[in-house]
Amino acid sequence: KMLSFLLLCSSLLLPSPSNAHLLKACKFDAIYQLGDSISDTGNLIRENPVTPFSHLPYGETFFKNATGRCSNGLLMIDQFALAAGLPLINPYLNKDASFTHGVNFAVAGSTALSSQVLAQKMILSPATNSSLTKQLDWMSTHFDTICSHHKGLYLNDALFLVGEIGGNDYNYALFQGKTIEEVKNMVPEVVQTIKDAIIKVISYGAVRVIVPGNFPIGCLPIYLTGFQTKISTAYDELHCLKDLNNLANYHNKHLKHAIKSLRKDNPNVMIVYGDYYNAFLWVLRHASLLGFDETSLQKSCCGIGGDYDFNLMQMCGLPGVPVCSDPNERISWDGIHLTQKAYKFMAY
């Protein structure tokens with residue numbers, strides 16, 4: 001069954017995409033997003049215009065040009081906005097944009113922990129310094145500007161998404177040589193940082209909050225390529241790397257525990273866990289029914305090389321890197337991020 005966690009008015013998990021229109025019944029008037037490349041709609045390309053996300057083929061399917069979204073089209077945050085009857089939520093760094101219906105503060109490549117904290121662990125954050133703390137500062141500045149006197153009232157009908165965030169903390173650590181056990185030791189600190197962010201968002205006036213967990217990272221081409229092994233027992237029945245999925249589950253377990261604690265401390269705030277992990281696995285398990293090409297379930301649409309059409313040194317957007325003929329047949333867009341079609345099924 002498809003997972004939908006967005007019907008916050010009743011705090012129910014919806015079993016079917018046909019119920020997506022019920023999101024309008026929540027009558028959200030704004031959406032505020034914190035996060036990374038899973039939800040960035042154009043902040044990183046304004047920080048760094050030379051990133052591959054700033055040009056085609058990114059965005060080619062829906063927008064016909066690149067908007068900074070790390071996909072061929074719409075992201076999950078876009079699907080949520082459309083389902084709520086709202087316009088697409090503009091990135092904070094687009095100062096000419098309308099923020100009437102919310103703001104997207106997410107930055108592709110961002111981390112939960114600051115780059116300084118990661119540096120102390122000998123981990124580099126190569127894409128951006130706009131970690132979760134920086135995004136919260138932007139959010140605070142935005143609210144101070146528009147609603148200093150009616151903060152709580154203004155946000156009663158707003159939806160806040162805190163994440164997905166934290167995935168890059170682990171991505172950078174693993175690809176810079178840390179062991180899975182070393183990365184597991186980072187989880188409590190990463191989750192505490194996310195928990196602190198939720199507390200801050202509540203202090204700004206949020207009363208309806210979604211906190212998405214991590215993906216099953218062992219199913220993604222970047223990890224299947226980087227940690228490829230001939231040991232058959234390393235893979236599960238979906239050909240995902242078990243140890244990496246266990247790491248993602250470990251993070252999600254800690255995150256759910258933090259949410260439970262926050263609910264107890266904030267009985268008047270609705271805080272919902274967004275189960276991206278199982279939503280992704282649902283898509284993978286039902287891929288053929290959903291119209292994905294069964295022979296390419298774990299291959300990038302935009303990428304080249306190896307068993308998964310992915311090469312960290314020849315990534316999507318670089319010269320000479322091909323794009324598959326039909327992105328709607330693929331789950332993975334560039335080996336790290338998903339296609340518009342996969343995101344749509346995950347969202348609903």
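Buried means under 20% relative accessible area, exposed means over 50%, and partly exposed lies in between, with a 1.4 Å probe and protein chains only. Keep that scale at hand for the tour.

**Before you start**

This is a predicted model: local features need pLDDT of at least 70, side-chain atom pairs count only at pLDDT 80 or more, and totals for chains, interfaces and linings use all residues. Residues are numbered from 1 along each chain as its sequence is written, and side-chain values use heavy atoms, with hydrogens and water left out.

**Stop 1: colour by confidence**

Colour the model by pLDDT, the predictor's confidence in each residue, from 0 to 100. The protein averages 92. At least 70 is the score of 92% of the residues. Now select residues 1–5, where the pLDDT is below 50. Beyond near neighbours in sequence, this stretch has 30 contacts in the model; a contact means heavy atoms within 4.5 Å. Move on to residues 10–19. Here too pLDDT stays under 50, and the model has 17 contacts beyond four places in sequence.

**Stop 2: the sheet**

Switch to a cartoon view. Helices (H or I, at least four residues) and strands (E, at least two) are DSSP runs, numbered from the N terminus. Two strands pair if DSSP finds at least two bridges between them.

Which order do the strands of the open sheet follow? Its 5 strands run 4-3-5-6-7, with parallel pairing. Select strand 4 (102–104) and strand 7 to see the edges; each pairs on one side only. From one strand to the next, the twist averages 20°. Angles here run from 0 to 180 degrees between N-to-C directions, and axes are lines fitted to C-alpha atoms, for helices over the stretch in contact.

Next, show strand 3 (residues 30–34) with strand 5 (residues 158–162). They pair in the parallel sense over 5 bridges. Alanine 30 stands opposite alanine 158 in strand 5.

Then go to strand 6 (residues 208–212). Strand 6 pairs with strand 7 in the parallel sense, over 5 bridges. Click proline 212: its bridge partner in strand 7 is glycine 274. Strand 7 itself (residues 270–274) is mostly covered, with 4 of its 5 residues buried.

**Stop 3: helices on the sheet**

Select helix 2 (residues 76–83). It lies across strand 3, strand 4 and strand 5, and runs at about 170° to strand 3.

**Stop 4: where two helices cross**

Show side chains. From helix 8, the residues in contact include Val187, Val191, Ile194 and Ile198. From helix 10, they include Leu247, Tyr250, His254 and Leu262. By class, this contact has 12 nonpolar, 3 polar and 1 charged residues. Ala, Val, Leu, Ile, Met, Phe, Trp, Tyr, Cys and Pro count as nonpolar, Asp, Glu, Lys and Arg as charged, and the others, Gly among them, as polar.

**Stop 5: helix 12**

Select residues 340–347, helix 12. How many of its 8 residues are buried? The count is 6. They are Gln340, Lys341, Ala342, Tyr343, Met346 and Ala347.

**Stop 6**

Zoom to leucine 56 and proline 57. The peptide bond between them is cis, with omega near 15°. Proline 57 is in the loop between helix 1 (44–47) and helix 2. Glycine 163 and glutamate 164 are also joined by a cis peptide bond, with omega about 15°. Glutamate 164 is in the loop between strand 5 and helix 6 (167–175).

Now select lysine 64, in the loop between helix 1 and helix 2. Lysine 64 is not a glycine, yet its phi is positive, about 70°. Buried or exposed? Lysine 64 counts as exposed, because its relative accessibility is 59%.

Methionine 122 has a positive phi of about 65°. Find it in the loop between helix 3 (115–120) and helix 4 (132–146). Methionine 122 is exposed, with a relative accessible area of 67%.

**Last stop: alanine 108**

Select alanine 108, in the loop between strand 4 and helix 3. This residue counts as buried, because its relative accessibility is 1%. Leaving aside neighbours within four places in sequence, its contacts include Asp36, Leu44, Phe53 and Thr128. Finally, draw a C-alpha to C-alpha line from alanine 108 to valine 269: they are 28 Å apart in space and 161 residues apart in sequence.
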